[in-house]
Amino acid sequence: MDYVNLGRTGLKVSRLSLGCMTFGSPSWAPWVLGADDAHPIILKALDLGINFFDTADMYSGGASEEVLGAALAHVPRHKLVLASKLYNPMSADPNDRGLSRKHIFSAVDASLKRLGTDYIDLYQLHRFDYETPLEETLDALNDVVRAGKVRYLGASSMFAWQFMKALGMQRANGWAPFVSMQPHYNLIYREEEREMLPMCRSEGIGVIPWSPLARGRLAGRSGTTRDQTDKTANALYDRSAAQDDAVADAVRKVAARHGVPMAQIAYAWVASRPGITAPIVGISKLHQFDDAIAALDIRLSEEDVAQMEAPITPKPSRGMCDGSRA
């Protein structure tokens, strides 16, 4: 496993990040793995050299953080880079959500308790909060960093102008800055190439894209429990879109030329794009690590890339807030 700096920081992270949305409580979603099934996957990631684990407080209502924390309880803390996120509702209470000072302070303490740690390496905004002044959010985030509860700050799935505005405010006030962005990015959904990714390269921001396999579509997976029940996947991707099928077919042809599974090619494309730090991989079966790890050694030719990128069509923004409360 290779390790790279996260953006312009000195923090070293593995070239893959294990996404932990799949771990927690099956009562939250039928495709989620409980602790007994999740722990072997988390420990296998460590064996493979993955040190970067990404979760969020809202995954399984907090159970994902608990499962991750329990699995890693006996691992020396300096060997781990733990990332979590906040924003989404954690209960019906109106203050148990969003990015207010009140919620940030309570959310970080709750995540620390569930993870069983004294600090979070990378604390990320899950979405942009249109109902809270940005200055309030950024000031509060600076305070949790100065208090030693958080080492670095990141963000996820917002518009480039929002992210740049936040970076400008942090610089003007001497507040702890965002060092990473977690965007929705894969061969089917490439809208972040317009503004967000060039901006991140310009500003030295680490990029850790989510859904590199487009919820399994680029791996040729269908008929699984998650495929049939994942409401988020249905909102992100149009199963009847001929253009998306054309992208998947191109990936299939390139994979056949290389003699490898589709997933390896889809992972390799994301990992090799300019400015990408570490794709977030979702693993629910141990053998799925094989494709993720092997992808890091695949060298795509210009012909491969051109063939897979040719069918792309513009899409509306998907995977971020539009101003309404999520």
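This is a predicted model: local features need pLDDT of at least 70, side-chain atom pairs count only at pLDDT 80 or more; totals for chains, interfaces and linings use all residues.
Residues are numbered from 1 along each chain as its sequence is written, and side-chain values use heavy atoms, with hydrogens and water left out. Local features need pLDDT of at least 70 and side-chain atom pairs count only at pLDDT 80 or more, whereas totals for chains, interfaces and linings use all residues.

Secondary structure follows DSSP runs, numbered from the N terminus: helices are H or I runs of at least four residues, and strands are E runs of at least two. Two strands pair if DSSP finds at least two bridges between them. Leucine 18 stands opposite phenylalanine 53 in S4.

Aromatic rings were examined next. Rings of Phe, Tyr and Trp (its six-membered ring) pair if their centres lie within 6.5 Å; planes under 30 degrees apart count as stacked, over 60 as edge-to-face and the rest as tilted. A search of the whole structure finds 5 aromatic pairs. One of them joins phenylalanine 163 and phenylalanine 178 in a tilted arrangement, 5.7 Å centre to centre with 40° between the planes. This pair links distant parts of the chain: phenylalanine 163 belongs to helix H5 (residues 160-173) and phenylalanine 178 to strand S8 (residues 178-182), 15 residues apart. Phenylalanine 163 counts as buried because its relative accessibility is 0%; buried means under 20% relative accessible area, exposed over 50%, partly exposed in between (1.4 Å probe, protein chains only). Phenylalanine 178 is also buried, at 3%.

Tyrosine 185 and tryptophan 269 form a tilted aromatic pair, with 5.3 Å between centres and 45° between the planes. Here too the pair links distant parts of the chain, 84 residues apart. Tyrosine 185 lies in the loop between S8 and helix H6 (196-203), and tryptophan 269 in helix H10 (residues 262-271). Tyrosine 185 is buried at 1% relative accessibility. Tryptophan 269 is buried at 0%. Elsewhere, Trp28, Trp31 and Tyr59 form one aromatic cluster.

The ring of tyrosine 119 has the charged end of arginine 77 over it, 4.0 Å from its centre. The charged end of arginine 151 also sits over the ring of tyrosine 119, at 3.7 Å from the centre. The criterion is NZ of Lys or CZ of Arg within 6 Å of the ring centre and within 35 degrees of the ring normal.

Arginine 114 lies in helix H3 and is buried, with 18% relative accessibility. Its side chain makes a polar contact with the side chain of glutamate 65 (2.6 Å). A polar contact is a pair of N or O atoms within 3.5 Å; within protein, one must be able to donate a hydrogen and the other to accept it, and residues adjacent in sequence count only if both atoms are side-chain atoms. Leaving aside neighbours within four places in sequence, the contacts of arginine 114 include Asp57, Gly62 and Met90.

Serine 100 occupies the loop between strand S5 (81-86) and helix H3 (101-115). Serine 100 is buried at 15% relative accessibility. A polar atom of its side chain lies 3.0 Å from the backbone nitrogen of histidine 103. Beyond four places in sequence, serine 100 touches Asp129, Thr132 and Glu136.

Aspartate 291 is placed in helix H11 (residues 288-295) and is buried, with a relative accessible area of 15%.

Two loop residues other than glycine have positive phi. Serine 60 has phi near 55° and sits in the loop between S4 and helix H2 (63-71). Serine 60 is buried at 8% relative accessibility. Arginine 215 also has phi near 55°, in the loop between S9 and helix H7 (225-229). Arginine 215 counts as partly exposed, at 21%.

Technical notes
Contact means heavy atoms within 4.5 Å.
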